[in-house]
Structure formats: structure tokens, C-alpha cells
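Trainee: I have a structure open and would like to learn how to read it. Can we go feature by feature?

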Amino acid sequence: LKENHLVALEKRKILQSNITHGSYEAILAKILDLGRSRKSCYICIATVHMVVEAFWDKSFNHIVNFSVIATPDGKPLSVFMNLLYGTRQEQVAGPDLMIDILRKASEESLLIYFYGSTWEVLNAISDRLKREYPSLKIAGMMSPPFRPLTEEEDKEIIKTINQSGANLVLVALGCPKQEKWMYKHQGKIKATMVGVGAAFPFLAGQLKRAPKWMRDFCLEWAFRLMMEPRRLFKRYFVTNTVFLLMITRQLLYQKLFQSGFSKV
């Protein structure tokens, strides 16, 4: 399976997913550059959950790997990239990235389209942006139905987004739905799509982010679990366990290989 090579940013393999390596500022700059030219492509904000889902599902793994950029959103991803490859990798968290995209878009008059979540969340986002980024140009907002779209509905959505002139489309449908949606619409939507997931309710003020010390110690998942235990219990206890087991195996294999074990 080939990868999307629209931009030359190096990727590093975590389990079966190729995660973008680079500084926060370099990744942000690439996304904005793509947005300025309205390049029809997509960016994944990779979490541990996404990487494990991709490990289990080869077709979804292809979608993640075909993204132009897959940022290391989860702190464990950046930590293990450092351990596996011996280079410094910053965490590129979705909520931070989205705020900086909006800030830069406001400064440069780039048009932003918000796709996904509920109208309650979108209206709260609109109110906040009017206060904090009054010069930001919002191309449009859409809360799609929580069901499969008909072909005609999908065509109408594509037409609406394209006619808006959006440079960047922020997509919040949840993983893996949003990544599959972006993959399907690459080449159809004339804008750069960024799958931001939970960043919408964070921006709307409906979800609180973990304190910085918890994020620094890879404990953001624990904070989110306390906030949404019923919804996130299975995700975190299953996927986090699988991730730790599989990434430890990858780390041990790589260290043994580097030490010459493979030649024995």
C-alpha cells in the first residue's frame, strides 16, 4: 500500500502506523502551507487509540498511513518515538494544534470550515471565536446527521464546502469515522482536511483538558476517563494495554536487532 507523498515530512513507524516526525512548529507550518493552496488532502491527529485501531484493521491502517501528516497527538506516541528512534519528538496535541491553526488563519485571512459534532457545540465554538478571534473568517459550519449519508446528501455537502472557498476543513466525527470520511473525500473536497476529534468540545468549553503535569506524565487518558468513565472505560483499558504490550515488543525487537541479535 502506497503512502501519500504530497509533502516531504518524515514518518516513523509505531506498531503498524507511520507517524510524522518533526517539531510542532514544522508540522503546523506544513498544515498551513497546504491550507493556503487548498490542497485536497488530509491530516490525522494520531492517538494511542487510533494506532491500536489501525493495528487491528489493515484497511484503516492504510487510511492512517495515506494521510499527508499523522501527528503524534498522544504523549505516549512521542515518548516511544524518542525511545525507538533516538530523536526528540514533541507531542503535537490536537486541541493545541487547532487553536494555533485558528490563530494563524485569523492573521492570514484563511477560511475555516467546521464539520462534525452537534449544533450545540458548533454554536458554542462560534460564540467563543467571535470573542477571541473576531477577524477569523468562518467559511461555514455543519453538523451532519448521525447516520450514513445518502449519495445525494454527500454530493450536496461536498458542493457546499467547495463553494464556501474554505482553505481548511476541521473534521470532528470521532475516530475512525472522521479518518474514513477524509480519506473518501480526498480529491473531492478542495481544501485541506484536519481530523480534530475531541478538540471541538474542548474549544466549546464542554470538556476540560487535563492539567499540564498530567499531560507531561502521559496521564491525560486518566483525566479523560474520570470525566467520561462510561464512554471511555473500554477504549482506554483495552487499547492502552494492547498498545503497551505491542510497543514493548517493538522496542525489544528493535534493540535486539540493533545489538546484532539478528546475526546470531
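Trainee: Which helix gives the most to the lining of the second largest pocket?

Mentor: H4, with four residues. Before we go on, note that this is a predicted model, where local features need pLDDT of at least 70, side-chain atom pairs count only at pLDDT 80 or more, and totals for chains, interfaces and linings use all residues. Residues are numbered from 1 along each chain as its sequence is written, and side-chain values use heavy atoms, with hydrogens and water left out. Helices (H or I, at least four residues) and strands (E, at least two) are DSSP runs, numbered from the N terminus.

Trainee: What is the idea behind finding a pocket?

Mentor: Rolling a probe the size of a water molecule over the atoms shows where empty space is left. Here a 1 Å grid is laid over the protein atoms alone; a pocket is an open set of points where a 1.4 Å probe fits, with protein on both sides within 12 Å along at least five of seven lines. Lining residues have an atom within 4 Å of a point. Points are joined across faces, edges and corners, and the volume is the space filled by probe spheres set on them.

Trainee: How much space lies in the second largest pocket, and which residues are closest to its centre?

Mentor: About 270 Å³. It has 15 lining residues, and Lys75, Glu90, Gln91, Asp96 and Asp216 are the closest to its centre. Besides H4, helix H10 (212–216) supplies at least two of the lining residues. By class, the lining has three nonpolar, four polar and eight charged residues. The classes are these: Ala, Val, Leu, Ile, Met, Phe, Trp, Tyr, Cys and Pro are nonpolar, Asp, Glu, Lys and Arg are charged, and the others, Gly among them, are polar.

Trainee: What is the volume of the largest pocket?

Mentor: About 1100 Å³. Of its 47 lining residues, Thr47, Ala198, Arg224, Arg235 and Tyr236 are the closest to the centre. The lining divides into 26 nonpolar, 13 polar and eight charged residues. H12 makes the largest contribution, eight residues. Tyr236 is found in that helix, H12. Tyr236 and Arg224 are 12 residues apart in sequence, and their C-alpha atoms are 9.5 Å apart.

Trainee: Is Tyr236 buried or exposed?

Mentor: Buried, at 10% relative accessibility. The cut-offs are under 20% relative accessible area for buried, over 50% for exposed, and partly exposed in between, with a 1.4 Å probe and protein chains only. In H4, the buried residues are Leu77, Ser78, Phe80, Met81 and Leu84.

Trainee: Which residues touch the most other members of the largest nonpolar core?

Mentor: General idea first. In soluble globular proteins, nonpolar side chains tend to be buried together. A nonpolar core is a set of buried Ala, Val, Leu, Ile, Met, Phe, Trp, Tyr and Cys residues joined through side-chain atoms within 4.5 Å. The largest one has 39 residues, and Ile14, Tyr115, Val169, Trp181 and Phe243 touch the most other members. A second, separate core has 37 residues, including Tyr24, Cys41, Leu129 and Val196.

Trainee: How many disulfides are there?

Mentor: A disulfide is a covalent bond between the sulfur atoms of two cysteines. The test is a pair of cysteine sulfur atoms within 2.5 Å. A search of the whole structure finds zero. Take Cys41: its sulfur is 11 Å from the closest cysteine sulfur, in Cys44, so that is too far for a bond. Cys41 is also buried, at 0% relative accessible area. The sulfur of Cys175 is 8.3 Å from its closest cysteine sulfur, again in Cys44, and too far for a bond. Cys175 is partly exposed, at 21%.

Trainee: What should I look for in the backbone?

Mentor: Most residues other than glycine have a negative phi, and most peptide bonds are trans. Here a cis peptide bond joins Cys175 and Pro176, with omega about 5 degrees. Pro176 sits in the loop between strand S7 (168–172) and H8.
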